[in-house]
Structure formats: C-alpha cells, structure tokens
Amino acid sequence: MAEKYFHHALKFRREVCIGCSHCMNVCPTQAIRIHSGKAELTDNRCVDCGKCYMACPVGAIIVEQDDFSQIFMYRHRIALIPGVLLGQFPGKVTNMQIYSVLLDMGFTEVEEVEKGTGILRMAMDSYLQENHHLKPLISSFCPAIVRLIQVRFPSLTENIMLLKAPLDVTATYIRKKYAEMGVDPKEVGIYYITPCAAKIAAVKSPVGDKFSQIDGVINMDVIFNKVYTAMKQGFAGKNQCSLPVSAPLKPFQQLWTLTEGEASLFPGRSLAIDEISNVIEFLEKLENEETCDINFLELRACDQSCAGGILASGNRFFTVERLRKTAIETAAKEDTKVVEASNDILNHTQHLLQNMAVSKVLPRAMDKLDEDMKMAMLKMQMVREIMKTLPYVDCGLCGAPTCRALAQDIVQGKAKITNCIFIQKKYEQKNWLNPQETMDILKQVWGDDKFTDPDNTKFVTL
Amino acid sequence: MHFTYNVEGGNFTRAGYASSEIKKILKQLNVDLAIIKRTVVASYEAEVNIVAHAYSGTIFVDITPETILIKFVDEGPGIPDIAMAMKEGFSTATSKVREMGFGAGMGLPNIRKNVDNMNITSEVGKGTVLELTMYLQ
Ligand SMILES: Nc1ncnc2c1ncn2[C@@H]1O[C@H](COP(=O)(O)OP(=O)(O)O)[C@@H](O)[C@H]1O
Ligand code: SF4
Ligand code: SF4
Ligand SMILES: [Mg+2]
C-alpha cells in the first residue's frame, strides 16, 4: 500500500499550517489527519479536488507550479489558455488585450485549449456508438473525477472513456503544426494556464497516458493578476498584438468546460453533474444498478465545473454568465457572416483522431482494510468492536475526520483509542489515565502551541 | 461475519440502503471487484423486491473467506408461481411502482444471472425467503 500512485499538485506547508483541521473536515476522500498540530496527507487517497485548499484559512496549502522563467528555454513558447480565463474579466476586457498581456510576459503564441474539442467531439461520438455495452460512459475530462473513480469506485473505471482530454488534443495539434513547419520539437514549449490543481497533477502524472504533451503549468490566478493589473493601468500599449487571427471557437467549444458543456452534445440520455459530493452521491447509486439507460455522464469535481476551479479568481457565476453570453453572440454572428480566418486544426483531423486513445484506467481501490481477505475480516471485526465504544459524534478532536475513520486508523496501527476525548474522560474516571497523560495525548494530536497560555499572540497577528 | 439489515415495505426512498452498506463492507474486505459488482446488483434487486412487493423484511449477511451468503426474509403476500415470477419481463408491479422506475420484471432474472447460487421459497399469504450465494474461491 505504500506504493505512490499519484503526483499531487497541492502541497501542505507545515511551517504555515496552524493545525485547525478545516481541511480535514472538508476532504471528500478522508485523506487528511492532524498530527503534532499539523495536517498530514495520505497521498494515495487524495484526488486533487482542491476542497482543502479552499477551506484553509491561512494559505498553508499551496498549488505548485513550474518556474515561469523556464519558458525561455524554448524558442517557441505557447500559452495554452482555458476558456474560463476569458470569462474572468468584465466584458470591456477584450481577448486581444488578454493575449497581449501573455505576449508581453514572453509567450510567442496563444492557443485556446478548447480548439481541439471539435475533433474530440467526433471521437466521442463514435466512441459512444462503439462502446454501447459499457454505458453509461463517463467523460475523462475532469482528472479529479477520474482519480475519484479509481480510488472510491474502482468497478466503474471501465466506464471511463479512454480518450484524451481537450488539453492533450490541442497540445498534440500544436506539436504537429510545429513539426510540419520543420521546427525541432525541443524548441517548442507548451505551457498550460490551469484553473485547477487536478489538471496539474494530470499533466505531471497522466492517468492512462505515458507522458504528457505539456511542458509546464502556470496557475491561472497568476495570469489573472497580470491582466487585472494591466487593466487597471488602462492596457497602455496593450491594445494590439500581432497574433495571426484564427477562426473563433464555435459556441459549443466555448462552453465545453462549463456544466452541460459535454452532456448537451450527445444523443440519448446524458447527465451532467458538478461538485464532487454530488458526484460521489450519484456514483454510489450507480454502482448498485444492473442496467442504466443513461448513455453519457459528464462529471466535474468543481461547482460550475471549471468556472469554479480553485485557481479561478473571478466569481464563478459571473464567469458562466459571461461565457454563455459570448457563445450566444458568436452563434448570432455565425449565421450572418462567413468566417474567413483559417481553421488549421481541421487539416490535422486524421492525425488527431488516430492519436486520441489513451490506455486503460486502472482501479486503485483504497477502501480495503487489508490485501488479504482473512486479515481484512479480522480488522473489520476490530473496527466494529471499537465503534461500539466510540461516541459517533465525529467531533474530529482525535485528529481523524470521523469516529469510523479513527477506528480504521487504530486497526491499521496509525492511532490509539485514547486519541478519543470521550475515551480519555472515561479512562480518567477509572483512573486509567491521569490528567497529565490526557493532556500529553491532546498535544500529540494538536501540538503544544494550542495549549500554551494567553500571551500567545499568534492568532492576533494572523 | 454477520450483518443484519431491516427493510421497510413501500419505502422506496430508502430502497438500496442495505445493498450500499453491503457494498462498502465488501470493498473493505478487498473482495474481487467483479464479484462485488455482481453481488451488489443482485442484492439491490432483492432488496427492492421486498420494498415493492412485501410488507417488511430482514436481510442476513454472512461472509466467510469462501462465500458470501445473503438471505432475504420477508413478510408479505408471497409468490404463488415462482417459475412464472422468474421469467424475464413478468411483473405484478402496480403502475405506481412502475412510475418510480421499478417493476420491469427483470429483477429475479437478473439476480439469477449474477449470483453463483440462488434458492427461493415462498408461502402465499406469509412471505418469501430468497437465499443468494457467491463463491469467493
Ligand atoms: N419478495 C417478494 N414478495 C412477493 N412477490 C415477489 C417478491 N419478489 C418478487 N415477487 C414477484 O415476482 C415478480 C417478478 O419479480 P421481479 O423479476 O423482481 O420483477 P419486478 O419486481 O420488476 O416486478 C414480481 O412482480 C412479484 O410479483
Ligand atoms: S485535494 Fe481533495 S482529496 Fe486531496 S486532500 Fe484536499 S480535499 Fe482531500
Ligand atoms: S486548514 Fe488548518 S489544518 Fe489544514 S492545512 Fe490549513 S491551517 Fe493546516
Ligand atoms: Mg423486482
């Protein structure tokens, strides 16, 4: 079990963590415990959903990103931007202005991630037809969901569509384009501007793909701040850029990363579910059923899908509203004028379709108490016995998110029953523990700081 | 290991609760994924049958490293013709039950398809006992 399956983009900074347990209480996979006053992560349970990041009051959880100056190692520096970046800003900020800021930063080209979705849509269409027996087919779009299924719903891994995510399709296209121009692949650096941590993790250790097409990631909030600063300065000198004009994305492409973006496109019954607890609730139910007349499931870990990504700075509801409005405007224009600009990606349709497949997504069941069933039964029996003595209050004061999680930690040798404060009180009554001993236990969980006296001004200075 | 669950007839809101619990247990015991799937599908159908057709029931689960045994005992109208009930598409479900998405007459046939052994006995006016066995080795 010690084998590490996943790369995680979220890093816990011990020196900043105040051991408040907010993160532990929101984690949908119960991947966090508190020990010595610090949050500790069980790597293999974490699916990079970012709930903990949003809950931390002191910024102790950070999203790693690549050193920006790395981009200059490449002669051709491409920023791959998600549609939701364009939805971050008030209507008066134009795409051109956002692109200009990116070029000023040192990129030589800007491409939209969703460019590849036209061809991906074709691939999904035939995949849905050819794999009818595996329905409901689950989109591979959200990497947090793919990981969630691997660890919590392993029997559903076979329902995941084995197709690239838009990001990888578009990156494959860019690589092909430069190769055809005779550029040495080593001179092409593709940087993805990411709205979430899960996509970083997916780039660094892709599930079902050997290596990533992406050279690095930059967090979307960094770009947001740059554009916002430029906006406040009136975009001085940033109102024109020398990018070749390519065909605007179709409305469905502009909406792809929002909720219903995929589900609305395919024939038969489709369902779109966003926010990870909603997804978990639904998958629990799905696992019980023999047949299901739903063809396609679009499942996204964030509320409002990528508009609600943890690195999206703008209000997610405004972002959705803006992108929908733009899509409607684009649709209206499409009717009236012929698009002259080149739509080069379509010249590579065959190549992209041939490279659309990813290999099998493997189950990584994390619920098992032991590999060996006899041992697992023994441990389960112990969990049941322990549960009889625990209060079912789920107060978290033991450093585990629920009484059941504590019981499981105990049988795995990771915690002691005396971590429970109810047990501590009972033991004190029986003189099995003295007050000093129970204090020591609390300190082991929550650290010494929380028990030192009032001149501690830590909270005031925060 | 033994587990027991009560099932309330007519309460579709909770239908599937016991089967979900059984699923969680099997996952924790590291039972083969394909066996979990088959067990849970069968158990879910049997549980729904108690909710849809009987007044109340109890589910007894017995797990050893060799077998999973699940026994569904209900108080209810019983099944007058078991052979008929086992046929695909046969259903006495009311239109109200059908509206809720149950009652396609595929429950018992699907149970038989998914389990290693199935034994059903019933007494009209009293109730039904359904025993399902899965072999783990
Ligand atoms: N526990 C039960 N008690 C009484 N009748 C039952 C029970 N289980 C099944 N039946 C009868 O067998 C029929 C077929 O069951 P099943 O194949 O599950 O189809 P469905 O539940 O969709 O009707 C039911 O319509 C019902 O008449
Ligand atoms: S990213 Fe999600 S799964 Fe991972 S520790 Fe944080 S809350 Fe838990
Ligand atoms: S939420 Fe609290 S316990 Fe978790 S990382 Fe942040 S400071 Fe530490
Ligand atoms: Mg039935």
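1. A salt bridge is counted here when a side-chain nitrogen of Lys or Arg lies within 4 Å of a carboxyl oxygen of Asp or Glu. The pair A:Glu287 and B:Lys27 meets this rule, since the rule asks for 4 Å and their closest N and O atoms are 3.2 Å apart. The model is a predicted one. Across the interface of chain B and chain A the rule finds four salt bridges, and over all chains the structure holds 27.

2. The interface may next be described by its extent. The size of an interface is often given as the accessible area lost when the parts come together. Between chain B and chain A the buried area is about 2,300 Å², and carbon and sulfur atoms give 57% of that area. Chain B brings 25 residues to the contact, and chain A brings 26. Of the area that chain B buries against chain A, 28% is supplied by B:Met1, B:Lys27 and B:Gln28, more than by any other three residues. B:Lys27 is also the partner of A:Glu287 in the salt bridge of point 1.

3. On the side of chain B that touches chain A, at least two residues each come from strand S1 (2–8), helix H1 (17–28), helix H2 (33–53) and helix H5 (107–114) of chain B. The largest share, six residues, belongs to H1(B). By class, this side of chain B divides into twelve nonpolar, eight polar and five charged residues.

4. Which residues come nearest to ligand 1? Of the 18 residues around ligand 1, they are B:His53, B:Asp74, B:Ser91, B:Thr92 and B:Gly105.

5. The domain assignment divides chain A into domain 1 (1–64), domain 2 (75–354) and domain 3 (370–451). The C-alpha centres of domain 2 and domain 3 of chain A lie 44 Å apart. A salt bridge within chain A joins the side chains of A:Arg14 and A:Glu40, at 3.4 Å from N to O. This pair links distant parts of the chain, 26 residues apart: A:Arg14 is in the loop between strand S1 (10–12) and helix H1 (22–26) of chain A, and A:Glu40 is in strand S3 of chain A.

6. Two backbone features of chain A deserve attention. Most residues other than glycine have a negative phi, and most peptide bonds are trans. A:Asp48 has a positive phi, near 65°, and is placed in the loop between strand S3 (38–41) and helix H2 (51–55) of chain A. The peptide bond from A:Lys135 to A:Pro136 is cis, with omega near 0°. A:Pro136 belongs to the loop between helix H5 (117–130) and strand S7 (137–138) of chain A.

7. A last point concerns B:Glu8, which is in strand S1 of chain B. Leaving aside residues up to four places away in sequence, B:Glu8 touches B:Val51 and B:Tyr55. The side chain of B:Glu8 makes a polar contact of 3.4 Å with the side chain of B:Asn11. B:Glu8 and B:Gly76 are 68 residues apart along the chain, and their C-alpha atoms are separated by 11 Å.

Methods:
Residues numbered from 1 in each chain as written. Chains lettered and ligands numbered in written order. Predicted model: local features only at pLDDT ≥ 70, side-chain atom pairs only at ≥ 80, totals over all residues. Heavy atoms only, no water. Contact = heavy atoms within 4.5 Å. Buried area = accessible area lost by both parts, 1.4 Å probe. Helix = DSSP H or I, 4+ residues; strand = E, 2+ residues; numbered from the N terminus. Nonpolar A, V, L, I, M, F, W, Y, C, P; charged D, E, K, R; others polar. Domains from an automatic or database assignment. Near = heavy atom within 4 Å. Polar contact = N/O pair within 3.5 Å; in protein donor to acceptor, adjacent residues only side chain to side chain.
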